[in-house]
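Have a look at the sequence and the 3D view first. Then let's walk through the contacts, the core and the charge pairs together.

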Amino acid sequence: MGRKVDLLQGTLEVLILKSVSLGKLHGYGILLRIQQIAGGKLEIPQGSFYIALYRMEHKGLIASEWGSSENNRRAKFYQLTAAGRKQLRLETEKWAQMTDVVGTVLSATPETL
Amino acid sequence: MSLRSRIRSWWQALAHRSQIDREVQQELEFHLNAHADHLIENGVEPSEAMRQAKIAFGRADVQKEKYRAAIGLRPLYEIGSDIRYGFRSLYRHPMISFAAVISLALGIGATTAIFNLIDSALLHPFPYVDAERIVNPSLIDLKQPLVPTWFALEPAQYESFLKAKSVDSVLGFMLGAQPETGGAFPEDVGTAYVTPNMNDFLGVNALLGRGLRPSDGSGNVIVLGYKYWQRRFGGDPSVIGHTLQLSHTDLTIIGVMPARFAFTETVGNVDAYVPWSASRAPALFPLIKLRRGVTPATAGEEFQAYVKHFKQQTPLHFPDDFHVNVEPIAAPYMHRTGQAVKLLFASVVFLLLIGCANCSVLLLARGEARQHELSIRAAIGASRLRLMRQLLIESLAIAFIGAALGTALSFWLANLPLKLMPGIFPQEAAIGMNWRILAFSIALALITGILFGLAPALRFSRPDVSQMIQSRSRTLSSSGGHSLNMLIGAQVALTLLLLGVAGAAVTGFMRLTSMKLGYDPHNVGFVSVPLKWDPNKNQPAYTSYIEQLRNAVAAVPGVQSASILSSFIPPSQPFGGMGKPYIIELLGQQTRPEQYPSLVHLISPEFFATVKTPLTRGRLWTADENRRGDFVAIVNESFVQRYLGGREPIGQQIRTDGLRNDGRSKTITSPNSGEWRQIVGVVADARNDGLERPVFPAVYVPYSTFMWYTTRIFFRAETDPRTLERPLRAALHNVNASQRIFGNEIGTLDEALTGQTVWVQQHMFSVLFTFFGVLALSLSLFGIASTVLFAVGRRRNELGIRMALGAQRSHIIWTVASTMFATIACGIVAGFAIHLAAQHLLAHWMPAGNHSPWVFAPAAGLLLLGAAAACLLPAMRAAYANPLETLRAE
């Protein structure tokens, strides 16, 4: 396991959107999936993770329903709503743009100026 | 991001709070269990797994709060708990909270009451539909611009008026009085002849039976007014369908109007409504409902053209030069009472400010006691904003309780001016409760809550934690002194102002009651007598008929003197055709127009004896001269002083065109009424132009020189003139069995005096301002006393040490009370300064008040005395306390 990366401000939402877009998941599952995809390189504070979930549900990006987990426990499952899907697309584009721009700036050499 | 989902989650969080809490808890448990399971799978001991899961999660106990914060509802929950906490802390200091609530309730109650009065009695006094669009056009004669007069229209003119573009609908009416025949005495019934659309136009339904309908045409039906129905029929509901005989015509009673309905008391007393016909009344006054969106000004322009046209048809009905004035029907009342109500409103706002200052003072005082608690809250992390919010919520809680009590109180208080000023506001006005008044009191609560809460909130939201935590510091703390002193000073200034106004009102009223009238109103009664118009009777016939009536009254046992005065009722300004001063010409003097304006009074020579106005020079005219009417006159002292410039008045010749018979109205005049008359006598001045103005130069002439459809018999009785009603009516009945008297009752000069607008207003001012002044004074004194009491409490320790070291009691009292005295003195000076600045405005709003600055001396004295007592009592208590006990108490 390499060095853990702090979460950039505002990126937790898009990560949650992405992981929920792959299928219906409960809170702990989302957390696991993000860590799994990120190869354990991301440190996600669990307290604020739920706050993000609450806020996103409040905003209508994700919807929840109660169901039973793989261990037959009652769990709250989240899935993407139409608004959430649109938001994910926007955020993805924005993120790509951002990394492009930042990458270009960072890769600048005296010759390219 | 949909608004819908937000509203849904807010709704669920608020409405299903426990369910949401449970779900948050369940999700949390699931998370911890799942994490623990995961750890166990990875080989962690089961006993250890849960612990690690919990550590990884962080603080689990505040998860519900986090949920609320996430959906943005956290402030709401905090405010909820602030409110609960606020009420608890109000409850913890019950005396202070009670005093604060009461002082605010009085202020808000008084303010809401006056607002209610303005709303109900001035802005919306009439129970008619669309009353704000109903206007009564009047004419302003450019020669007499102060007195607008109504104009009556001939039926054809009325019909053409209906077509005006600004007019939505018109109600035509004419007042008359008819005798009810067939009883012991002919009873006078005030009748309004109305076009049969009355009930539709005004939008008021009958209480019993039905109102008038267009289909009634000009039929023989009658709708009764409520008071007349009560008086004449004892409120008998079976009266519908019966007949009432007026002037020997049988009218079928079809309905009774509701109690509040009194159309149109603006013009005169109305007992019943009869459909109009040309034979019942020759002309109609128009009452107009304007079309929606038409302003009175544009309507006035249109009506001007119409009335110009009407004047060409009937020139005698209109003045030579005029313009049409269109105003909503409530406007005249507004003109008349506007100033008084402004003054009332200004003073209740002062009262409210005093109440607010009092609350501030009390909260500041209480805040001192709460500093410990607040600094603990600050020490464990409450932000300044949070403490301010807490304190403001407490003051708002006081404000809202005060407003609720005040609004209830205002309902009673708002009726007070109506009761104190009968006849000043429209009779149909009723104090009610509506959303405007509720919104006003809620707004007041919010504003006052923030106003008086702000100073304490700002001050106590930044407690000096380090100092307060060292429990019970023994410093000589004078914290809060500045704002506290400012508030007390302001309170004292406003109280002095209110007391000063109360003094001006009371002494002004006393001046009115002790005013030299020039006549003695006590035990003088009068009856107004309608005369039947008969073209076959001439001036001598009318004169001898009136003389017969007068003789009959004079012969009634208990009557000392009876006389005729047909032109006015003292002390008011005369009314009708005789209302305006006439231009008097003096023989041998060049008379420029408007040189010798005088009021002309039509009397019989016994009048001066009846009202005890002394003759100062010359003689009264004889009975013969009185019957003839011409060639004689008596003038008052003002006339002699103003117009005769030291010349001998007796023998001077005067005349006026005003007494000529111009044929405009049904008048009977003597042959030479407008010719030269000799002044035969001079009488002392008696009030004839209202109480607020000096006596106007007056010319008295025999009543027989100018008569119209009504005359008035005045008589001096040995006791209350009203007790003579039956013998007096019997005496008149003996002269002429069909002779009735207006209103079926005897009027008295005492009543005419106390019914004067200025009298009624000044009476109301003196009662209300005494009330307001006493309230303000007690509020201020309470504030002062509690401030000193708290200051003493705070300095107990210091005072104890001083006394233990041998300080004199007088010194202790001085130490405690000196700052307060300085503050009070500043307040008194400030109040006096404000009064001097506002003097002009006060004189404008209360014309009959006493505006000498000396009325301030007793007010300031009273305030000083009260303030000294309020200061010294707690100071004395401190000075006489046992220093040992005081020190031990710490």
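What follows is a short tour, from the interface to the inside and then to the charged pairs.

## Before we start

This is a predicted model, in which local features need pLDDT of at least 70, side-chain atom pairs count only at pLDDT 80 or more, and totals for chains, interfaces and linings use all residues. Residues are numbered from 1 along each chain as its sequence is written, chains are lettered from A and ligands numbered from 1 in the order in which they are written, and side-chain values use heavy atoms, with hydrogens and water left out.

## Where the two chains meet

Chain B touches chain A with 25 residues, and 24 residues of chain A touch back (contact means heavy atoms within 4.5 Å). The size of an interface is often given as the accessible area lost when the parts come together. Here the two chains bury about 2400 Å² between them, with 58% of it on carbon and sulfur atoms (buried area is the accessible area, with a 1.4 Å probe, that two parts lose on being put together, summed over both).

Across this interface there is 1 salt bridge (a side-chain nitrogen of Lys or Arg within 4 Å of a carboxyl oxygen of Asp or Glu). A:R73 pairs with B:D37, and their closest N and O atoms are 2.5 Å apart. On chain B's side, helix 1 (3-15), helix 2 (17-41), helix 3 (46-57) and helix 4 (63-70) each supply at least two of the touching residues (helices are DSSP runs of H or I, at least four residues, and strands runs of E, at least two, numbered from the N terminus). Helix 2 of chain B gives the most, with 11 residues.

## Inside chain B

The largest nonpolar core has 106 residues, and those touching the most other members are B:Y128, B:L202, B:L224, B:F263, B:Y273, B:F303 and B:F769. Such a core is a set of buried Ala, Val, Leu, Ile, Met, Phe, Trp, Tyr and Cys residues joined through side-chain atoms within 4.5 Å; buried means under 20% relative accessible area, exposed over 50%, and partly exposed in between (1.4 Å probe, protein chains only). Helix 22 (residues 757-794) of chain B gives the most to this core, with 9 residues.

Let's zoom in on one member. Setting aside neighbours within four places in sequence, B:L224 is in contact with residues including B:W229, B:F233, B:I253 and B:M257.

## Pairs of opposite charge

Side chains of opposite charge can pair when their charged atoms come close. Over all chains, the count comes to 31 salt bridges. In one of them, B:R51 and B:E48 have their closest N and O atoms 3.2 Å apart. Why are B:R51 and B:E48 about one helical turn apart? Because they are 3 residues apart in helix 3 of chain B.

B:R627 and B:D624 also form a salt bridge, at 2.8 Å between the closest N and O atoms. B:R627 counts as partly exposed at 41% relative accessibility, whereas B:D624 counts as exposed at 55%.

B:E751 pairs with B:R722, with 2.2 Å between the closest N and O atoms. This pair links distant parts of the chain: B:E751 is in helix 21 (residues 749-754) of chain B, while B:R722 is in the loop between strand 25 (710-717) and helix 20 (725-735), 29 residues apart. Elsewhere, salt bridges that share partners join B:E585, B:R655, B:D657, B:R660 and B:E675 into one network.
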